Structure formats: C-alpha cells, structure tokens
Amino acid sequence: MRGMNTPTSGINTVNGGEEAVRPPTRVAPDLNAPRVLVLNASYEPLHVTSAKRAITLVQYGVAEVLEDSSDVVRSPSTTINVPSVIRLRRYVRRPRVHPVPFNRRNVLRRDTFACQYCGSPDDLTLDHVMPRSRGGRHNWDNVTTACRVCNQRKGSRTPDEAGMHLRTRPRAPTFGVYAHGQFAHWQPGWAKYIGK
C-alpha cells in the first residue's frame, strides 16, 4: 500500500487509445504552507499564498491557473492539481509601499548570503558603503553584506578609497528576491513571472 507522500505515476489515454505516461505526482504535504505565487490581472506578482487558498480562488473563478506543481490533493472521488502560479481575473489595486522590510536578514537574502567584496559566505556582517561616520545612511542603497575580514579592511573608507570593488551596488530588492529567500517552497518556474 502506498504512503501518503509516495510519488505515483499513471497512464493517460490520448488520441484514440494511444497511451502516454504522465509525470510523477505526489500528495501535497502541507496545504497551509505558502507555496503558490499569486499574480495580479496585469501579471504583476502580488504575494505567495497557501495551496488551500489558491485552490479556493480557482474553484470560485476568482483566479486562473497558469502553472501546475507536481503535487495533488485527493479526495475519495476527486484529484485536484495544486497550482504553482495563479493569476487573478480582476485587477487588484495595492498601495505603493515597499513590500520588503529593511533589516539584517533581508539584506543578507538580497546579497545571497555572500560578501559583496570577496564572495565569501563566512562570518558575514553588514557594511555601510558610505561610512556612517561620514554621513552615510542606514538604508537599502547604502548597506551591503561583507565578511568580517573585508569589513575591517575597508574600515571607515569608501570602497574606492580602500581599493575594493563591490560585486553589486546595493539597492532595494524586488519582490522576487524577497520571495526566493522568504519561502521554503520557492519554485523554479516562478522565475519567468518575477523579475530579480
């Protein structure tokens, strides 16, 4: 007897009886986890919601499925594919505030947990590109991730003065960068809907 999360595969009948193997599926492990990307009617990413909420939105005709995941939900009489990406049928207005809070954890996520000077993932700190002692601000555009060695080497100088090159200029992250680090159920198929 199969366990609840055991992958299964089956045969679909297509084109007058020819058989085709469908890809393996598995029963969705947690319907309340954030695992479905929700797009506005304009295809703008809004947020990530639970599989349960996404299925409800699709069943009531509020949203349409753009991509399915390999997970399914089963009842005694029905099998429903769990969507990976859904799009709302009507445009939803949302306030223009920056969706990603500025804090240490999100700066590390934006910088992919690597020093922006040497690329090391070890002993990470936050560095002010323009030092605070010289009027540098504590915000997205002036704070970057640095390993302790690079941070101490740079000291209270700018990267140019210290002869150090930033791999990427600091800036506020997009929804995609935030969602990639925030949610354990990030799906590679989301990349074409979310700009990094």
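This is a predicted model: local features need pLDDT of at least 70, side-chain atom pairs count only at pLDDT 80 or more; totals for chains, interfaces and linings use all residues.

Mentor: A nonpolar core is a set of buried Ala, Val, Leu, Ile, Met, Phe, Trp, Tyr and Cys residues joined through side-chain atoms within 4.5 Å, where buried means under 20% relative accessible area, exposed over 50% and partly exposed in between, with a 1.4 Å probe and protein chains only. Residues are numbered from 1 along each chain as its sequence is written, and side-chain values use heavy atoms, with hydrogens and water left out.

The largest nonpolar core has 12 residues in all, among them Val36, Ala54, Ile55, Val73 and Ile86. Two or more residues each come from strand E4 (34-39), helix H1 (51-59), strand E6 (63-74) and strand E7 (79-88), these being DSSP runs numbered from the N terminus (helices H or I, at least four residues; strands E, at least two). H1 gives the largest share, 4 residues. Setting aside residues up to four places away in sequence, Val36 touches, among others, Ala51, Ala54, Ile86 and Trp190, a contact being heavy atoms within 4.5 Å.

Leu66 also lies in strand E6, but at 27% relative accessibility Leu66 counts as partly exposed. Beyond its neighbours within four places in sequence, Leu66 is in contact with Leu39, Tyr43, Val85, Ile86, Arg87 and Tyr193.
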